[in-house]
Amino acid sequence: MKKDLLSVIDLGPAGAEQLIEEALVMKQGGMRCLLPWRSVALLFEKPSLRTRVSFDLAVAQLGGHCLYLSPQEVGLGQREPVPDVARVLSRYVDCIVARVFSHDTLVQLAQSATVSVINALSDVEHPCQALADFLTIRERKGRLKGVRLAYVGDGNNVARSLALLSAMLGVDFSIASPSGYQLDAAAESSARRLAATSGSSVTLTGDPFQAVKDADVVYTDTWTSMGQEKEAAIRRVAFADFQVNAALMSHAHPDAVFMHCLPAHHGEEVTSDILNGESSAVFDQAENRLHVQKAVLAQILIPAD
Ligand code: CP
Ligand code: NVA
């Protein structure tokens, strides 16, 4: 049976933990030709730097080949229905890595494709980002269980994947968002259910200082995600008190790490001194996309014995 990765939940806690450990080994061990001659389609409806480059190199380093398909070329759901695109690509490639506006498009792709589908960012989740982030936390802190992760900002795709993965792996997760931009109720309840099993906590607040108090990791993301550009002005006002700066970081643990998935908007969600400062792990996060995605591809595409 093919495996898809649409949400971090698809991995299960043991699978996610194993994947992060495998990514650590891959990072230390360099290239291994685990996927000779395999083909992967990168089907993107939105722009990308990190995801496109790191998936392309991950597949190449494992001995396979990537094809990048831009929105203009494919016209997902416009030039051709999504299920037809899924069926056609399944005749050519071994895996579809898709970045889409609507998560429903991913679900349709996964339902119709006979090959694996990996979420390279949707409006609901960004699982590969969260996995790379947890690899980074594991490297920086030497563990995951019991780490306190504070997220300040929009309850968006990145926040959702981080909340769920935290709850799966025993990381205490707190999130501070302005009214109207909190984590949605379904994600909150899934995170609470998973946290009850792993023994971690999930805290939602409107106060960034409360969220970051004694945190080991302070994380933020853009106030305006791709596809929300028309809301940028209104969001800048709503999020004005949710900037990660030196004053906010001083409430975290003295050894706290700053994280951001990038691209960052210097002077909006984070000040340049924090982004470029000693506590910042943002470029490790970007590098770790490569290592963790090699582990994802190997776990999804190589059949278990
Ligand atoms: N963090 C991330 O997914 O970056 P890109 O949008 O550049 O791929
Ligand atoms: N929340 C951001 C993440 C970009 C990697 C967006 O969806 O645009």
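**Entry 1: ligand 1, the shell.** I began with the residues around ligand 1. In this predicted model, the ligand is surrounded by Ser48, Leu49, Arg50, Thr51, Arg99, His126, Gln129, Cys261, Leu262 and Arg289. I sorted that shell by residue class. It divides into three nonpolar, four polar and three charged residues.

**Entry 2: ligand 1, polar contacts.** Next I looked up which atoms approach the ligand. Gln129 places a polar side-chain atom 2.9 Å from a nitrogen atom of ligand 1. Cys261 uses its backbone instead: an N or O atom there lies 3.0 Å from a nitrogen atom of the ligand. For Arg289 I found a polar side-chain atom 3.1 Å from an oxygen atom of ligand 1. I then checked cover. On its own, ligand 1 has 260 Å² of accessible area, and the protein covers 95% of it. I also looked up the space. Ligand 1 takes up the largest pocket.

**Entry 3: domains.** The chain is divided into domain 1 (8–125 + 289–301) and domain 2 (129–285). Where does ligand 1 lie relative to domain 1 and domain 2? It lies between them, because both domains give residues to its shell. I noted two values for the pair. Their centres, taken over C-alpha atoms, are separated by 24 Å. At the interface, 27 residues of domain 1 are in contact with 25 residues of domain 2.

**Entry 4: ligand 2, the shell.** I moved on to ligand 2. Around it I listed Leu121, Asn156, Asn157, Val158, Asp221, Thr222, Ser225, Met226 and Leu262. By class, this shell holds four nonpolar residues, four polar and one charged.

Entry 5: Which side chains have an N or O atom by a nitrogen atom of ligand 2? I noted Ser225, with such an atom at 2.8 Å, and Asn156, with one at 3.3 Å. Met226 contributes through its backbone: a polar atom there is 2.8 Å from an oxygen atom of ligand 2. Cover came next. Ligand 2 exposes 270 Å² when taken alone, and the protein buries 95% of that. As for the space, ligand 2 also takes up the largest pocket.

**Entry 6: recap.** The largest pocket is recorded for ligand 1 and for ligand 2. For polar contacts I have Gln129, with its side chain, Cys261, with its backbone, and Arg289, with its side chain, at ligand 1. At ligand 2 I have the side chains of Asn156 and Ser225, plus the backbone of Met226.

Notes: Residues numbered from 1 in each chain as written. Chains lettered and ligands numbered in written order. Predicted model: local features only at pLDDT ≥ 70, side-chain atom pairs only at ≥ 80, totals over all residues. Heavy atoms only, no water. Near = heavy atom within 4 Å. Polar contact = N/O pair within 3.5 Å; in protein donor to acceptor, adjacent residues only side chain to side chain. Areas by Shrake-Rupley, 256 points an atom, 1.4 Å probe, with all protein chains shown as cover. 1 Å grid on protein atoms, 1.4 Å probe; cavity = no way out; pocket = protein on both sides within 12 Å on 5 of 7 lines; lining within 4 Å. Sits in = over half its atoms within 2 Å of the grid points. Nonpolar A, V, L, I, M, F, W, Y, C, P; charged D, E, K, R; others polar. Domains from an automatic or database assignment. Contact = heavy atoms within 4.5 Å.
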